[in-house]
Amino acid sequence: MAALLYHEDFKLHDPSPYEHPENPRRLDLMLSGLRDYGILERFSAPEIPLGDVGEYRLVHSEEYLRRVASRGLSEVEWLDPDTYISPGTHEALKRLAGAALLTVDSLVGGEGLVLLLPRPPGHHAGRDGAAMGAPTLGFCILNTSALIARKLSSRGRVSILDFDLHHGNGTQEIVYNDPRIQHVDIHQDPRTIYPGTGYPWQTGGPGAEGTKANIILPPGARDDVFLEAARLAVNLIRGFDPDYIVVDAGFDGYRGDNYMSSVSLASPSYHELGVMLRGLGRPIAVVVEGGYGSGLLEGLPAFTAGLLGLGDPVGRDARRSVRDVREKFKAGVEELLEHLGLKR
Ligand SMILES: [Zn+2]
C-alpha cells in the first residue's frame with residue numbers, strides 16, 4: 001500500500017482576510033479529486049508528527065529561516081507582492097517538517113510511493129528566498145521537496161522531476177552544485193512566464209555538470225509536446241539511475257486550471273507520466289506544488305492512478321499542438337541535448 005500524507009494543520013497557512021489563489025481550499029480540492037475517482041482508498045494515511053522547522057537548515061540559510069520565523073506572527077504579512085505569511089503558517093511549517101521526515105523514513109523503510117499534499121508549496125523557495133533572480137517567492141516559503149531530496153541523498157542517488165508549469169527555480173538553485181541530486185524540470189518557456197528562469201544551458205555547477213536539465217514547453221503546447229517532454233525527462237532519469245525519485249508535481253498546466261497559463265493539457269498526459277515513472281521501478285515521493293482548480297480535481301487523480309498502475313479514471317481528450325509549437329519544442333530539445341553532451 002502507498003502512503004498519503006496531509007494534515008489539517010496545512011490549512012493554518014491562510015491568507016484571510018485577503019483573497020489568494022494559494023489558499024486552504026486547495027487541500028480540499030486535492031482530497032476531493034482523489035476521493036471522487038476512487039484513488040483515496042488505495043492509500044494508507046499515517047499520522048504526521050510535528051517536526052522542527054530547523055530541519056530546513058539543510059536547504060535554507062539561517063538568515064532566511066530567521067526572516068521567515070519573524071514575519072506574520074500577529075496578522076497576515078506579505079513577504080513579497082505574491083507571497084503571504086500568516087500566524088498559522090508557522091504551525092503548518094512545523095507539521096510540514098514532520099511530513100518531510102516521515103516521507104524520507106517511509107521510503108527508506110521500503111515504502112514504494114508516498115504522496116504528500118503540502119501547504120504552503122515550496123519549489124520556488126531558494127537558499128535565501130527568491131531564487132535565481134526571480135522577482136518573488138511565488139507563493140512558496142520553505143522548500144520541502146529539496147529537503148526530502150537532500151535527506152535521501154545521504155542514502156543514495158536522487159532524481160527530482162518537476163513538471164509544474166513554472167520552473168522550480170528554488171529547488172534547482174539549492175541542488176545546482178550537488179552531483180548526487182539530478183534535477184529535471186519541464187516548464188513553460190521562461191521568457192513568457194514567472195519566474196523567468198530555467199534555460200537549456202543551465203545544466204549544473206562545477207562538479208555537477210549534466211545533472212540538471214530544463215525542458216521547455218513553448219506557449220501553446222498541448223498533450224503531444226508534453227508527452228515528448230515527459231519521455232525525455234524519464235529517459236534522463238533512467239540514465240542517472242537514481243535510488244530514489246522525488247516529484248514536484250504541479251497541475252497548473254492542466255486545461256482550465258490557471259488563467260495565466262498558455263499550456264493546456266488533459267488527463268491522459270498526466271496519467272501517462274505516472275505510468276512512465278512507475279516503470280522506473282524506484283521508490284517515489286510525490287510533493288504537490290501548483291494547481292488551483294481543475295488540475296487538482298482531475299490532473300492529480302489521473303497522475304496518481306498512473307503511479308499506482310491503474311487506468312486513467314478521468315478520461316479527457318488529449319489534443320495536438322500546432323506545427324509552429326512542435327518545431328519550437330524540437331529546437332529547444334536539440335539545444336538541451338547539445339548542452340548535456342547528448343546530441344545525437
Ligand atoms: Zn506553478
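1. Start with helix α3. Helix α3 has 20 residues and reaches 28 Å from its first C-alpha to its last, close to the 28 Å expected at 1.5 Å a residue. The expected span is 1.5 Å times one less than the number of residues. Of the 20 residues of α3, 14 are buried, so the helix is largely enclosed by the rest of the structure. Buried means 20 or more other C-beta atoms within 10 Å of a residue's own; exposed means 12 or fewer; partly exposed lies in between, with C-beta atoms placed from the backbone. G110 follows α3 and has a positive phi, near 110°.2. A word on the model. It is predicted: local features need pLDDT of at least 70, side-chain atom pairs count only at pLDDT 80 or more, and totals for chains, interfaces and linings use all residues. Residues are numbered from 1 along each chain as its sequence is written.

2. Next, α3 against α4. Two packed helices are described by the angle between their axes and the distance between the axes. The axes of α3 and helix α4 (residues 144-152) come within 10 Å and cross at roughly 35°. Axes are lines fitted to C-alpha atoms, for helices over the stretch in contact, and angles run from 0 to 180 degrees between N-to-C directions. The crossing of α3 and α4 is right-handed. A crossing is right-handed if the near helix is turned clockwise from the far one by less than a right angle, and left-handed if anticlockwise.

3. Which residues of α3 and α4 make the contact? From α3 come L96, A100, T103, V104 and L107; from α4 come T144, L147, I148, K151 and L152. Two residues are in contact if their C-beta atoms, placed from the backbone, lie within 7 Å. The contact of α3 with α4 divides into 7 nonpolar, 2 polar and 1 charged. Ala, Val, Leu, Ile, Met, Phe, Trp, Tyr, Cys and Pro count as nonpolar; Asp, Glu, Lys and Arg count as charged; the others, Gly among them, count as polar.

4. Now α6 against α7. The axes of helix α6 (residues 223-240) and α7 come within 10 Å and cross at roughly 15°. The two helices are therefore roughly parallel to each other. Angles under 35 degrees count as roughly parallel, over 145 as roughly antiparallel, 65 to 115 as roughly perpendicular and the rest as oblique. The crossing of α6 past α7 is right-handed. In α6, D223, F226, L227, A230 and V234 meet P268, S269, E272, L273, M276 and L277 of α7. By class, this contact of α6 with α7 has 8 nonpolar, 1 polar and 2 charged residues.

5. Helix α7 also packs on α8. Helix α7 (residues 267-279) and helix α8 (residues 294-308) pack at an angle of about 30°, with their axes 6 Å apart. They are therefore roughly parallel to each other. The crossing of α7 past α8 is right-handed. On the α7 side, the contact residues include Y270, H271 and V275; on the α8 side, they include A302, F303 and L307. The contact of α7 with α8 counts 8 nonpolar, 6 polar and 3 charged residues.

6. Look at α8 by itself. Its 15 residues reach 21 Å from first C-alpha to last, close to the 21 Å expected at 1.5 Å a residue. Are the residues of α8 mostly buried or exposed? Of the 15, 14 are buried, so α8 is largely enclosed by the rest of the structure. Just after α8, G309 takes a positive phi of about 80°.

7. Check the backbone. Most residues other than glycine have a negative phi, and most peptide bonds are trans. The bond from R119 to P120 is cis, with omega near -10°. P120 sits in the loop between β5 (113-116) and β6 (125-126). Y194 and P195 are also joined by a cis peptide bond, with omega about 0°. P195 is in the loop between β9 (181-188) and β10 (212-217).

8. F139 has a positive phi of about 75°. F139 lies in the loop between β7 (129-130) and α4. F139 is buried, with 26 other C-beta atoms within 10 Å. D241 has a positive phi of about 55°. D241 lies in the loop between α6 and β11 (244-249). With 12 C-beta neighbours inside 10 Å, D241 counts as exposed.

9. Last, E228. This residue lies in helix α6. E228 is partly exposed, with 18 other C-beta atoms within 10 Å. How far apart are E228 and G110? They are 118 residues apart in sequence and 31 Å apart in space, C-alpha to C-alpha.

How values were computed. Helices (H or I, at least four residues) and strands (E, at least two) are DSSP runs, numbered from the N terminus.
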